[in-house]
Protein chains: 2
Amino acid sequence: MEETLETSSRPLILVTNDDGIFAKGIRELVKAIHEFGEVVVVAPDKPQSGKSHAVTLDAPLWYTVSKFEDADRAYKCTGTPSDCIKIALFRIMDRKPDLIISGINHGSNSSINIVYSGTMGAAMEGAIHGIPSVGFSLLSFNSDADFAAAAHYAAMITERIVENIKSLPFLCLNVNIPNLPENEIKGIRVVRQSRGEWIESFVRNYHPSTKRPYYWLTGEYHNLEPESVDTDSYVLEDGYIAVQPVTVDCTDYGALSAMENYFDVK
Amino acid sequence: MEETLETSSRPLILVTNDDGIFAKGIRELVKAIHEFGEVVVVAPDKPQSGKSHAVTLDAPLWYTVSKFEDADRAYKCTGTPSDCIKIALFRIMDRKPDLIISGINHGSNSSINIVYSGTMGAAMEGAIHGIPSVGFSLLSFNSDADFAAAAHYAAMITERIVENIKSLPFLCLNVNIPNLPENEIKGIRVVRQSRGEWIESFVRNYHPSTKRPYYWLTGEYHNLEPESVDTDSYVLEDGYIAVQPVTVDCTDYGALSAMENYFDVK
């Protein structure tokens, strides 16, 4: 009985990712943070990288219970990361989670990568519903990357958030972790998003039978402000973890004040 | 020869959407704006609503020439709206467009809808590459909606942008147009994004053979600040066109200044 009471007062933590429920990153995340609360995993049943904030409108969603070490409950879902958060909040869970954690992503979500990221799409979906939400990403695309340092810091940051859950100075965080051993990570910096873009080079190939050309999206990231020391890209290069507070308000307030009557044409 | 010179000095306008190249909205858009420049359409070959800023990483892209009245050239592409912009900029077009226009979307992209919107994902992709970009949306999901007023205003706004293309006070706009006859639209307001969320109710159904349950994402939009007069939701309700200047910088600057040393744990 005592145990039941204790269990129900633990923070409820919803976990998802975009690499899919079988990825190493989400397994290492749950292993590292499960001591801080009751952990429910609702994650895509297959990789969903690059899905941004996409939602599934043209197909139904399916979900099933899934085995997941260290999680209290786990479900795999056919949808995008944002779908997973929506179906978790409005169908699967019987109360609102206290915290949503997405990741640990295999690959960077710093700078402009945040807008393409399914990991961050899920975290931002949590924030839309007023739930503190964090995305963790390791700067390695390797499916068997070493998550030791990332998991250590994810646990440290999660603990700090859980301890202060009622008085957080932020709603959503994008946390990027350099691909370095723990003793080479210099610390944590709270930073803004660096301006950047991907210069794409579509690789052409030909269908083996029809010979029709097709194109693979590949590209190279360009930091558009490499000298700015207060950005995620800069501190990551310098060996720090980058913590970006995130908003879902896309308004360009600088432009807003400059163009109040710009279209007064009627 | 004179005509060639004149042609090449016309602004180059790249057009896309998320309802697909055969949707009425993009046809009406091109009809309305083609007089302002050389128009190249690169649009999805099928509906891509709700795809947000998603990019296709796990499949190749295909594109083919497509017939399109009033456009100088048109291509349909298998990818998302963001893919269409990327493949247009880095593969199809021989020079950088002066302007990108996305739409006219069938349905609202005001308030929180912007984060799910393929229409706005495409416009924001343009902005990432420094190109002035505008998304137009009509507040009607009807596939045969009346676009007369929306097309009229899209032309008016496009003309104003083209006239001032070198000195715009913004980079990206999200333009939402009430579903009203032209003479009932009161004018244009430059506004911020209203806080809002979708309260989802997943409709359950059962597979005809296996009887396994599946879920359709449906929901209801809730304006979280209905009294705020400076928002897109408010002015749209009031019969105005809402113009939101948009940024791809997701940093929450309010939180940033409040939490500078929050994670100084090392």
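Two strands count as paired if DSSP finds at least two bridges between them. Keep that in mind for the close-ups below, which all come from a predicted model.

View 1. Chain A averages a pLDDT of 95, and 96% of its residues score at least 70. For the complex, the predictor gives an ipTM of 0.95 and a pTM of 0.95.

View 2. Look for Ile188(B), which sits opposite Ile241(B) in β13(B).

**View 3. The whole open sheet of chain B.** Nine strands line up in the order β3-β4-β2-β1-β5-β6-β7-β13-β8, and their pairing is mixed. At the edges you'll find β3 (63-65) and β8 (187-190) of chain B, each pairing on one side only. On average, neighbouring strands are turned by 20° against each other, direction ignored.

**View 4. Two helices against that sheet.** Helix α2(B) packs on the sheet and touches β1 (12-16), β2 (38-44), β5 (99-106) and β6 (133-138) of chain B. The direction of α2(B) makes about 135° with that of β5(B). Helix α3 of chain B, residues 81-92, lies across β1, β2, β3, β4 (73-77) and β5 of chain B. Against β2(B), helix α3 runs at about 130°.

**View 5. Helix α2(B) crossing helix α6(B).** The axes of α2 (residues 24-33) and α6 (residues 148-163) of chain B come within 9 Å and cross at roughly 45°. That angle is why α2(B) counts as oblique to α6(B). The crossing is right-handed. On the α2(B) side, Glu28(B), Leu29(B), Lys31(B), Ala32(B) and Ile33(B) take part, meeting Ala151(B), Ala154(B), Ala155(B) and Thr158(B) in α6(B). Sorted by class, this contact has six nonpolar, one polar and two charged residues.

**View 6. A hairpin in chain A.** Strands β10 (residues 203-206) and β11 (residues 213-216) of chain A pair in the antiparallel sense over four bridges. Asn205(A) stands opposite Tyr214(A) in β11(A). Six residues lie between the strands of the hairpin, where Lys211(A) takes a positive phi near 65°.

Technical notes
Residues are numbered from 1 along each chain as its sequence is written. Chains are lettered from A and ligands numbered from 1 in the order in which they are written. This is a predicted model: local features need pLDDT of at least 70, side-chain atom pairs count only at pLDDT 80 or more; totals for chains, interfaces and linings use all residues. pLDDT is the predictor's confidence in each residue, from 0 to 100. Axes are lines fitted to C-alpha atoms, for helices over the stretch in contact, and angles run from 0 to 180 degrees between N-to-C directions. Angles under 35 degrees count as roughly parallel, over 145 as roughly antiparallel, 65 to 115 as roughly perpendicular and the rest as oblique. A crossing is left-handed if the near helix is turned anticlockwise from the far one by less than a right angle, and right-handed if clockwise. Two residues are in contact if their C-beta atoms, placed from the backbone, lie within 7 Å. Ala, Val, Leu, Ile, Met, Phe, Trp, Tyr, Cys and Pro count as nonpolar, Asp, Glu, Lys and Arg as charged, and the others, Gly among them, as polar.
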